[in-house]
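Reader: I am new to reading protein structures. Can we go through one together, question by question?

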Amino acid sequence: MPKRVLIVEDNELNLRLFCDLLRAHDYETDGVNDSREALARAQVWRPDLLVMDIQMPHVSGLELIEAVRRDTVLRRIPIMAVTAYATPGDEARAREAGADSYVTKPISLMRFIESIAALGKIADGRAGLASA
Ligand code: MN
């Protein structure tokens, strides 16, 4: 079964880029460009992985990651944090909030796909634990 990746990204061009790239690698994708809709979409669509932009209006990526980690249904989903304008400490903050991986823009497409594949393995591991 192809893995489902929900992309939360306020920039429409980046959102389309991520969706196209992942679909070309046989992932199922859905996108949300308003961070206020992300949790509800995830609860309905139940993605295997989340790609989360950090800089977004209304609800930041860090706040959303924390909210996912508090959600009893969604809390095990591996999350990739994506950020532009990286400053020292950003990766530590993202990981502290609960991100499993961290990628800076402009993204290297190969690095992005490799990181997604690695997160897919984490998702499989967590699913195994959950059913054990
Ligand atoms: Mn953004």
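The questions below cover the metal site, the core, a helix pair and one cysteine.

Author: This is a predicted model, in which local features need pLDDT of at least 70, side-chain atom pairs count only at pLDDT 80 or more, and totals for chains, interfaces and linings use all residues. Residues are numbered from 1 along each chain as its sequence is written, and side-chain values use heavy atoms, with hydrogens and water left out.

Reader: Which residues coordinate the manganese ion?

Author: Donors are N, O and S atoms within 2.8 Å of the metal (3.2 Å for Na, K and Ca); water is not among the atoms, so sites may look incomplete. In sequence the donor residues are spaced D-x42-D-x1-Q. At 2.1 to 2.2 Å, the coordinating residues are D10 (OD), D53 (OD) and Q55 (O).

Reader: Is D53 buried or exposed?

Author: Buried means under 20% relative accessible area, exposed over 50%, partly exposed in between (1.4 Å probe, protein chains only). Q55 has 32%, so Q55 is partly exposed. D53 has a relative accessible area of 3%, so D53 is buried.

Reader: Which residues touch the most other members of the largest nonpolar core?

Author: A nonpolar core is a set of buried Ala, Val, Leu, Ile, Met, Phe, Trp, Tyr and Cys residues joined through side-chain atoms within 4.5 Å. This core has 21 residues. The ones that touch the most other members are L6, V8, L50, M52, I65 and A81.

Reader: How do α3 and α4 pack?

Author: Helices (H or I, at least four residues) and strands (E, at least two) are DSSP runs, numbered from the N terminus. Axes are lines fitted to C-alpha atoms, for helices over the stretch in contact, and angles run from 0 to 180 degrees between N-to-C directions. The axes of α3 and α4 are 8 Å apart, at an angle of about 25 degrees. Angles under 35 degrees count as roughly parallel, over 145 as roughly antiparallel, 65 to 115 as roughly perpendicular and the rest as oblique, so α3 and α4 are roughly parallel.

Reader: Which residues of α4 meet α3?

Author: On the α3 side are L62, I65, E66 and R69. Their partners in α4 are R93, A94 and A97.

Reader: Apart from its neighbours within four places in sequence, what is C19 in contact with?

Author: C19 sits in helix α1 (residues 12-24). At 8% relative accessibility, C19 is buried. Contact means heavy atoms within 4.5 Å. By that rule, the partners of C19 beyond four places in sequence are I7 and T29.
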